[in-house]
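Below is a short briefing on one protein chain. Look over the sequence and the structure first, then work through the points by topic.

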Amino acid sequence: MTDQVLNILKFALLGLLYLFFARVLWAVWSEVRAPRQRSGIVPVPAPGAVPPPVDTAPPPAPSPRRSRSGPKPKKGRAGRAARIVFLEPKHRRGTAVALDGEITLGRDASCTLSIDDDGFVSQLHLRFYDVEGQPMVEDLGSTNGTFYNGNRLYGAKLLHPGDRIQVGSTILEAQ
């Protein structure tokens with residue numbers, strides 16, 4: 001082999017080594033900046049309002065026959081989300097909340113869904129509401145933001161089935 005071929009191979013190996021280290025650093029950085037998975041969510045009815053039904057049944061057992069205590073809010077039809085379901089944290093996974101009327105989420109006890117032990121959640125963080133029969137989600141000027149399908153939410157957006165909302169370490173999915 002000539003010296004030119006050896007130099008090209010040497011630079012190619014060096015480039016691959018740098019790419020490997022960059023990927024390792026990116027993985028470490030992603031783990032370090034992720035919010036902690038701790039949050040206690042306590043649904044509290046708003047003053048003077050009837051709270052939406054909340055399914056507080058534990059997650060179903062992994063057996064083929066599942067029994068559920070209490071009815072869950074129905075899934076949406078024809079592209080309309082009818083409920084939001086908690087995906088994270090683990091102790092709230094599977095809890096469903098019907099999207100009837102206005103639902104507020106935050107650390108304040110007057111919120112419909114109160115998340116009292118997550119420092120990344122504002123006092124009054126976001127709200128879900130209806131516009132002409134279509135559910136909307138709106139960030140209410142929170143400090144750390146609301147994430148809608150992985151992107152920061154500014155203002156209000158239409159909520160479709162499958163959309164994911166992240167507030168601090170809490171992740172919700174529209175169904």
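Does Trp 26 count as buried, partly exposed or exposed, and why? Trp 26 counts as partly exposed because its relative accessibility is 49%, and the cut-off for exposed is over 50%. The model is a predicted one.

- Trp 26 belongs to helix 1, which covers residues 3-33.
- Trp 26 is also one of the residues of a nonpolar surface patch, whose members include Phe 11, Leu 14, Tyr 18 and Val 32.
- Together, the residues of this patch have about 1,200 Å² of accessible area.

- Six strands make up an open sheet in the order 3-2-12-11-8-9, and their pairing is antiparallel.
- Strand 3 (96-98) and strand 9 (151-152) are the edge strands, each of which pairs on one side only.
- Strand 8 (residues 147-148) runs antiparallel to strand 9, and two bridges join them.
- Across from Phe 147 stands Arg 152 of strand 9.

- Strand 4 consists of residues 103-106, and all of them are buried.
- Ile 103 and Leu 105 point one way from the strand, while Thr 104 and Gly 106 point the other way.
- Strand 4 pairs with strand 6 (residues 126-131) in the antiparallel sense, over three bridges.
- Strand 4 also pairs with strand 5 (residues 113-115), here in the parallel sense and over two bridges.
- Leu 105 has a bridge partner in each of these strands: Leu 126 in strand 6 and Leu 113 in strand 5.

**A buried histidine**

- His 125 sits in the loop between strand 5 and strand 6.
- His 125 counts as buried because its relative accessibility is 0%, and the cut-off for buried is under 20%.
- The side chains of His 125 and Ser 142 make a polar contact at 3.3 Å.
- A polar atom of the His 125 side chain also lies 3.0 Å from the backbone oxygen of Gly 145.
- Leaving aside neighbours within four places in sequence, the residues in contact with His 125 include Leu 105 and Gly 106, and also Phe 120, Glu 138 and Val 167.

**Salt bridges**

- Side chains of opposite charge can pair when their charged atoms come close.
- How many salt bridges does the structure hold? There are five.
- Asp 130 is partly exposed, with a relative accessible area of 36%, and Arg 80 is partly exposed at 23%.
- Arg 93 and Glu 88 form a salt bridge in which the closest N and O atoms are 3.0 Å apart; Arg 93 counts as partly exposed, at 37% relative accessibility.
- Glu 102 and Arg 127 form a salt bridge, with their closest N and O atoms 3.0 Å apart.
- Because Glu 102 lies in the loop between strand 3 and strand 4 and Arg 127 lies in strand 6, this pair ties together parts that are 25 residues apart in sequence.
- Glu 102 is partly exposed, with a relative accessible area of 46%.
- Glu 102 and Arg 127 are linked with Glu 138 in a network of salt bridges.

How values were computed
Residues numbered from 1 in each chain as written. Predicted model: local features only at pLDDT ≥ 70, side-chain atom pairs only at ≥ 80, totals over all residues. Heavy atoms only, no water. Patch = residues over 30% accessible without salt bridge, like charges linked within 9 Å, V, L, I, M, F, W, Y side chains within 5 Å. Areas by Shrake-Rupley, 256 points an atom, 1.4 Å probe, with all protein chains shown as cover. Salt bridge = Lys/Arg side-chain N within 4 Å of Asp/Glu carboxyl O. Helix = DSSP H or I, 4+ residues; strand = E, 2+ residues; numbered from the N terminus. Buried < 20%, exposed > 50% of the residue type's maximum accessible area, 1.4 Å probe, protein only. Pairing = 2+ DSSP bridges. Polar contact = N/O pair within 3.5 Å; in protein donor to acceptor, adjacent residues only side chain to side chain. Contact = heavy atoms within 4.5 Å.
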